[in-house]
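Here are a few friendly notes to read with the structure open beside you.

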Amino acid sequence: MEKIRKDSPTCGKDSLRLCLTIMASMGWQIKSLDVKAAFLQGSPIERDVYIVPPKEANTDKLWKLKKTVYGLADASRTWYLRVRQELEKVGVQVSTYDEAIFHWRTGNGFEGLICCHVDDFLWGGSENFREEVVEKTKQTFEVSKEDKGDLKYIGLDLKQNIDQISMSQKKYIESLEEIETISNRRNEEQLNSKEKRRLHGAVGQLNWIAFQTRPDMAF
C-alpha cells in the first residue's frame, strides 16, 4: 500500500515574527484572510475514499469523496498544495526559508508577502500586490472573514502602530482559571487523577503562552 503523505507546511512562530518585522519595516499594514471551508476548496482527491453518509441523507448507499475533507490524514497537505499552485500562477514565489511563506517581486522590487497557517492567511504589501495577488486569490477561494490593523491571528492579538507591530495573548491569559490550592497537609499524598488532569492542563496552557509571547515564563 502506498504511504500517504501527511506533512503540510504551516507558518512557524519564528517565521511569523520574521514576516511581521518585514511588514513593519516596509510600512505595510497587516491584513488577514480566513478561507471558508478550506478543505472543500482544495484539489480533487487522488485516491478512492468512501464514507457512510449521515442519517439525514436517508440513503443506504456509500458516498465517494471528491475532495480530501476534514479528518483525512492528507487533507491539510492537499489544501496547501492547492494554495501553493494558485499563488504560483500569479507569480508568487515560495520562500526557501519556510514553505508557508510566499513572497512577490516585480521590477519595482519586493512588493508583498503572505504567511499561511492552513486556512488563515496574514499578508502585507503594496497596492500593486493587493490588486495582482490578493484580489485574484480572493476570486479563487471563498473568503469568510477579512481583518486589518489590530487583529487576531492564530490565537495571537496583533496590534499595529506607526512604526511597530506588537504581539500579545492578553485575552487568552485573562481567560485562564486558577487551580485550587492544595493543602500543605497533603505533602505526603499523591495527586488524584482529577488533580493531575487539571495540573497537566494548566502547564500546557502556560507552555503555550511561554512558547508564543512570554519567553520570560519558560523557566
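1. In this predicted model, the buried residues of helix α1 are Ser 15, Leu 16, Cys 19, Leu 20 and Met 23. They sit on the same side of α1 because they cover an arc of only 135° around the axis. An α-helix has 3.6 residues a turn, so residues three or four places apart point the same way.

2. What do the buried residues of α1 pack against? Their partners are the strands β5 (101-106), β6 (109-117), β7 (120-125), β9 (151-153), β10 (156-160) and β11 (165-168). On the face turned away from that buried side you will find the exposed residues Thr 21 and Ser 25.

3. As for its geometry, α1 runs over residues 13-26, which makes 14 residues. From first C-alpha to last it reaches 20 Å, close to the 20 Å expected at 1.5 Å a residue. Just after α1 comes Gly 27, with a positive phi of about 75°.

4. Helix α3 (residues 127-140) holds both Arg 130 and Glu 127, three residues apart, or about one turn of the helix. These two form a salt bridge whose closest N and O atoms are 2.5 Å apart. Arg 130 is partly exposed, with a relative accessible area of 24%; for Glu 127, likewise partly exposed, the value is 46%.

5. Another salt bridge links the side chains of Glu 146 and Lys 138, at 3.1 Å from N to O. Salt bridges that share partners join Glu 127, Arg 130, Glu 131, Glu 135, Lys 138 and Glu 146 into one network. The salt bridge count comes to 17.

6. Leaving aside neighbours within four places in sequence, Gln 169 is in contact with Gly 155, Leu 156, Asp 157, Trp 208, Ile 209, Gln 212 and Thr 213.

7. Finally, the surface: Tyr 50, Val 52 and Leu 62 form a nonpolar patch there, with about 360 Å² of accessible area together. Of these, Tyr 50 lies in strand β2 (residues 50-51).

Key: Residues are numbered from 1 along each chain as its sequence is written. This is a predicted model: local features need pLDDT of at least 70, side-chain atom pairs count only at pLDDT 80 or more; totals for chains, interfaces and linings use all residues. Side-chain values use heavy atoms; hydrogens and water are left out. Helices (H or I, at least four residues) and strands (E, at least two) are DSSP runs, numbered from the N terminus. The expected span of a helix is 1.5 Å times one less than its number of residues. Buried means under 20% relative accessible area, exposed over 50%, partly exposed in between (1.4 Å probe, protein chains only). The arc is that of the directions from the helix axis to the C-beta atoms. Contact means heavy atoms within 4.5 Å. Patches are made of residues with over 30% relative accessible area and no salt bridge: like charges are joined within 9 Å, nonpolar side chains (Val, Leu, Ile, Met, Phe, Trp, Tyr) within 5 Å. Accessible areas come from the Shrake-Rupley method with a 1.4 Å probe; for residues, only the protein chains shown count as cover. A salt bridge is a side-chain nitrogen of Lys or Arg within 4 Å of a carboxyl oxygen of Asp or Glu.
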